[in-house]
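Student: I would like a close look at a single part of this model. Please keep to what can be computed from the atoms.

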Amino acid sequence: MSSMEEVETEETVTCLHITLYHPCQEEKQVFRNLKFHKRERHRVDEVAKFGRDSNICHYNLMDTRVSRVQFTLQFFRQLNSSELGFEIKNMSKKTKLIVDNVELDYLNKIDLPWKCIIRFGDYQFLMQRQDGESVDYFETCFELAQASLLQERHLPSLQPIPECGIFPSLVYSQAVNPVEIDENDL
């Protein structure tokens, strides 16, 4: 056997790419303890914890308004499938966690979609899974967004509705009225 035949094939590792945004990042540096642009490898039995308590959480957010443990991510394999994924669980008793448009109360959990936005307070996390084959490890990789992820994805924000019931952005968009077309004219 040649040395090439003896070498094990290298498994790809599932990576969760996480883009972070907070409007006060410049002043408060709430993400200062995270390592950006570097893949971090974790064993699959590790639960990735995000929060302000650096003794408990691997991903520490430097903000007193964040819960000690805000949320957790756990890597898993779907039942009767080779598909790998993550589940997310809200660990905050005070703040709802929003995954795309699904609100999670304390201890609620759901499977993390392939690509989604996680929100709580002023925090926005765009999470996107890059699939791999390894059932022993997963990786995380952080990026910092310069602008709101909600604006980039055109998702509704959690802003209150004005008393008049009309958002200023809708006033301008209503200047062009829809045109009715008879289905026979198509």
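Student: Where is the place of glutamate 139? Please take its surroundings from there.

Tutor: Glutamate 139 has its place in strand 12. The model is predicted: local features need pLDDT of at least 70 and side-chain atom pairs count only at pLDDT 80 or more, while totals for chains, interfaces and linings use all residues. Residues are numbered from 1 along each chain as its sequence is written, and side-chain values use heavy atoms, with hydrogens and water left out.

The protein chain has four helices and 12 strands; helices (H or I, at least four residues) and strands (E, at least two) are DSSP runs, numbered from the N terminus. Buried residues (under 20% relative accessible area; exposed is over 50% and partly exposed in between, with a 1.4 Å probe and protein chains only) make up 35% of the 186 residues in the chain. Glutamate 139 counts as buried, at 8% relative accessibility.

Contact means heavy atoms within 4.5 Å. Leaving aside neighbours within four places in sequence, glutamate 139 is in contact with Val13, Thr14, Cys15, Leu16, Arg39, Glu40 and Arg41. Valine 44 lies 95 residues from glutamate 139 in sequence, and the two are 9.5 Å apart in space, C-alpha to C-alpha. For the protein chain, 57% of the contacts between residues at least 6 apart in sequence join residues at least 24 apart.

Side chains of opposite charge can pair when their charged atoms come close. A salt bridge here is a side-chain nitrogen of Lys or Arg within 4 Å of a carboxyl oxygen of Asp or Glu. Glutamate 139 forms one with arginine 39, with the closest N and O atoms 2.7 Å apart. Glutamate 139 lies in strand 12 (residues 137-144) and arginine 39 in the loop between helix 2 (25-28) and strand 2 (40-43), so the pair ties together parts that are 100 residues apart in sequence. Arginine 39 is partly exposed, at 38% relative accessible area. Salt bridges link Arg39, Arg41 and Glu139 in a network.

The whole structure holds eight salt bridges. Among them, arginine 43 pairs with aspartate 45, the closest N and O atoms being 2.6 Å apart; arginine 43 is partly exposed, with a relative accessible area of 47%. Arginine 65 pairs with aspartate 63, with a closest N to O distance of 3.4 Å. Aspartate 63 is buried, at 8% relative accessible area.

A nonpolar core is a set of buried Ala, Val, Leu, Ile, Met, Phe, Trp, Tyr and Cys residues joined through side-chain atoms within 4.5 Å. This core has 29 residues, of which Leu112, Phe125 and Met127 touch the most other members. Methionine 127, leaving aside its neighbours within four places in sequence, has contacts that include Leu16, Phe71, Leu73, Leu112 and Trp114. Leu16 is also among the contacts of glutamate 139. A second, separate core has six residues, including Tyr21, Ile117, Ala145 and Leu149.
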